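Student: Please take a close look at one part of this model, the place where the chains meet. Start with whatever term is needed to read the details, and then go through it in one piece.

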Amino acid sequence: MNKIEKVVRKLINFYGKDEAFPECSYLYGQKSVGKSLCIEKFLKEAKDYLQTVIIYADEIYTKNILFEIIINKFNEHVLCEENSYESYAKIDCMEDFLNELSALSSDKSYLIIIEKAEKMRDMDLNILQIFMKLQEFTGLNISCLFVSHLAFEKFGVEDMLKIYVPDYNKNDITEIFMTKYEDIHERIRVKIEDSNINDNMTQLEAFESMNEEFFKNYLNLFLNVFYKACRDLKELTFLLEKCYSSYYSPVLSGEIKANDVTNLWRHVSKHLKTSLNTIYMRVENDATNEFKNNENAEDGFEIEKKQSSIKSFAQTLELPFYAKYLLIASFLASHNDAKSDKKLFMKNHGKERRRRQQTKLSDKMNVQFGPKSFSIDRLLAIFYAILDEKVGLTCNLLSQISTLVDLNFLTYVSGENNIMEGTARLQSTIGLDFAINIGKLVGFNVKQYLVDFH
Amino acid sequence: MDFNEAREFLKKRLLKDKTTLYGFEEEKEQIKNLFVRTAKHSESNSAILIGPKKSGKSTLLNSVLFDLVQDNVFVSNTLVIYLNGLIHIDDRLALKSTTVQMNLEKEVEGKTFSSFSENLSFLLSCLKAGKDLQRLIFIIDEIDLFCTHHNQTLLYNLFDVAQSAQTPICVLGITSRLDVIELLEKRVKSRFSHRQIFMLPDSENLQGFANIFRSLLLLPSTKESNIISQKFVNIPQKVYKQYKIPFLRKHFDPKEFSFSKKYINEWNKMIEQLTSKKKVLNVLEILYSTNASLGPLKRFLYEILSTDEAKINENDISKTVEHLYFEDDKVKLINGLSVLEICLLISIKHHSEIYDNDPFNFEIILTRYNKFSFKSSTMQSIDREVVLKAFENLKYQEFIAAIGHESKMQKEYQMHKLLILPDHIERALQKYHNLPTEIDHWSKSCII
């Protein structure tokens, strides 16, 4: 917490009472390290002598809004029914804005705080420039504080005073989470008391054994898994509460003692790992719920099977047999050169000249560069080459192509309206893993037919 | 408590004192002469003042005007009009503002003009009809921006009036672009007097720079403060209303503060001692060789003065310079990334080294990263989706950026380029806390 206070101190040094403000300054740091918190704390201390307005630059879709918010705030003009929601003054251009600012009392001090300042770069060119030297144009004791997560040079403007908000290390985060301990536990208690299970009492008893040490152990395990992949405090907070229930549930049910850290870890590790793979996605997956309801530890295996998402998606995908082959054919068409088709798909593709084994100059692969487009003719040719059965070219088969397009497995690159002429070009959108899994379902080895793996 | 007051005083003077010029006496004299000749002898003139950003162009102009407005005659017969390329983004706005500044809104009301020049000449004729205020000084800040306006109409007309000597008018452009003359259209250029006044900071006078540094920290004696204050008293009230240039508004007045004579002596002695120390001179040399302009020096002083310490000492000064000039924002920000994101940056670094800064996409980087992660003991069991998120976070931080705009492309295949130097990554890794050893090894050589 010390770090935050240091930043607040610095802000007060710059924007102190009765002092001359700098023309502008820049507050930066990684996302969710408490930049806004610093400002909040600073404003609390400075509210007596400072007129402030906080602008969120991503809300400003036209500059008039920016101007009017600032002028309204500084004139203490609140939009309400009496003034029929009209702002203090109508401001069309920069000069009006500066005139309105100049009209303010010069005895007070003003601060404009601009959050997400990186969006200022997308506004009219002169806005950022003028906001950087409002003092020169208005003669007030006014300043602009830009807040952003970017390095300053991304703005491409003259240097200004900079304040860096340092990021949290592991200890800081542990400390922050420990402050949540009582809150979380109170919630759990209420939940247990509300539940109508008969063994209410035993659960409460078990709950009592979950002390601060217990929570700290959990934090330790939790951060060991998550900290390397994600340092976003917001995201971590969300995950922390989400995963906690599966940590303490065996304690409540009496299976594991609260001080048996090894067993608890064994129990929760699988769950933590699956959650790790859904970071940022906020999917409320079935597996988590199942875990909560069913405390049978054997289910862990089932869950993991469900979780490896690509695999499971490929396996549950209900597509007709031919459509699956079409899907694979489209993948092959997109990721192989047309040149190599002959070599890959024909049984007698002529004598293969014994070339000297070409040493691969690079490890670049076709698969890495994204799909290339192909014509429907080529798709069908590959389809017939990889399919062992003989099947007629019926409209049923062709309609599968449009089904795949509807499902977004294929997209048109060009000639969407000329399908019958054969000039339409398509592209596969699936990834290698997905294609391999589909291949497994129909007993087809996809890798064997890719130039990259030859 | 006295120290705090002295600090406050110095800070205020740094920011609010917009008329004290250090050096550039010759340039000041030149511009003053131009203005005086227009005001006194009704000559027309045009000139452009060119100097790097933050070198004190506005200060120079302010100090000239500050001297001139002491004179009642000047105030009564000359009107100063201020236009700024940042505010007046087209000629229509500029003309509107000119009308307002000339106080001719009433006369113009209801009239329509077929062209810009007609409008301008109407304004000038109105002026002539009036008794006083027959001379005009146009100050055009950021004149390079006016060059982008359609046909450069405003510049053309102003220079035309100045050249044809219809009305006594002086046009002074201010810009930081050295090539501003090249931006003028041929017909505009031929009407310009080609008088360019350069304000280039002296790059071979470290001693002078140190002197400025000292005088910015010294407290003025009571007598000196009185002289400055007296100057403000002399300014006719009319000026405050008339002038668009706000340098006079809430101008720094040293008389707001009062220090005892003893304290002034004490403080100034301390400053003299401080500025003769070797450490401080070293710092000044760094500042001077980076940028000899006054702006950065003032900002630096401001940062030193914004402190809780009860004294200014040389250690703080050298610490501040280190913090300002030797630390890199980007290295700091990279240090705040998670280990996974660091791993991706290392992969990207290896890729750029091997393929000579070729662009890359997510798949390429993922393959390279996976080669490492399969063998590593710390980075296992992270899904592709999570890695993709980490990759996007790098993009959000603008460490990498997409090239081209192939919106139809899937994001995994979108080509990117690296926006930071490999050196930044290496420096950040040296400072990174608790970096697993194997990642550190991997960062140094891509062979696993």
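Tutor: A polar contact is a pair of N or O atoms within 3.5 Å; within protein, one of the two must be able to donate a hydrogen and the other to accept it. The model is a predicted one.

Helix α7(A) spans residues 170-178, and its buried residues are D172(A), I173(A), T174(A), I176(A), F177(A) and M178(A). Their cover includes four other helices of chain A: α1 (2-14), α8 (181-194), α10 (212-226) and α11 (233-252).

Chain A as a whole comes next. It has 20 helices and 8 strands, and 52% of its 454 residues count as buried. Of the contacts in chain A with a separation of 6 or more, 73% join residues 24 or more positions apart. Helix α20(A), residues 432-442, is largely enclosed by the rest of the structure, because 8 of its 11 residues are buried. The buried residues of α20(A) are L432(A), F434(A), A435(A), I436(A), N437(A), I438(A), G439(A) and V442(A). G443(A), just after this helix, takes a positive phi of about 70 degrees.

Now the interface itself. The size of an interface is often given as the accessible area lost when the parts come together. Chain A and chain B bury about 6,500 Å² between them, with 48% of that area on carbon and sulfur atoms. On the chain A side, Q30(A), K228(A) and Q368(A) lose the most area to chain B, and together they make up 10% of what that side buries. Counted by residue, 74 from chain A are in contact with 68 from chain B.

There are 11 salt bridges between the two chains. One of them links D329(B) to K162(A), with the closest N and O atoms 3.4 Å apart. Polar contacts between chain A and chain B involve 35 residue pairs, both residues being at pLDDT 80 or more. On the side of chain A that touches chain B, the elements that each supply at least two residues are α1, α4 (94-102), α5 (125-132), α6 (134-138), β5 (161-164), α12 (261-276), α15 (309-316) and β7 (410-414). Helix α4(A) gives the largest share of that side, 5 residues. By type, the residues on this side of chain A divide into 31 nonpolar, 21 polar and 22 charged.

Is N361(B) buried or exposed? N361(B) counts as buried, because its relative accessibility is 0% and the cut-off is under 20%. Setting aside neighbours within four places in sequence, N361(B) is in contact with Q368(A) and F369(A) of chain A, and with F391(B), E412(B), Y413(B), Q414(B) and M415(B) of its own chain. The side chain of N361(B) reaches the backbone oxygen of Y413(B) at 3.5 Å. Q368(A), one of these contacts of N361(B), is also among the three residues of chain A that lose the most area to chain B.

By domain assignment, chain B has domain 1 (25-198), domain 2 (206-221 + 255-327) and domain 3 (331-444). The C-alpha centres of domain 2 and domain 3 of chain B are 43 Å apart.

How values were computed. Residues numbered from 1 in each chain as written. Chains lettered and ligands numbered in written order. Heavy atoms only, no water. Buried < 20%, exposed > 50% of the residue type's maximum accessible area, 1.4 Å probe, protein only. Contact = heavy atoms within 4.5 Å. Buried area = accessible area lost by both parts, 1.4 Å probe. Salt bridge = Lys/Arg side-chain N within 4 Å of Asp/Glu carboxyl O. Nonpolar A, V, L, I, M, F, W, Y, C, P; charged D, E, K, R; others polar. Domains from an automatic or database assignment.
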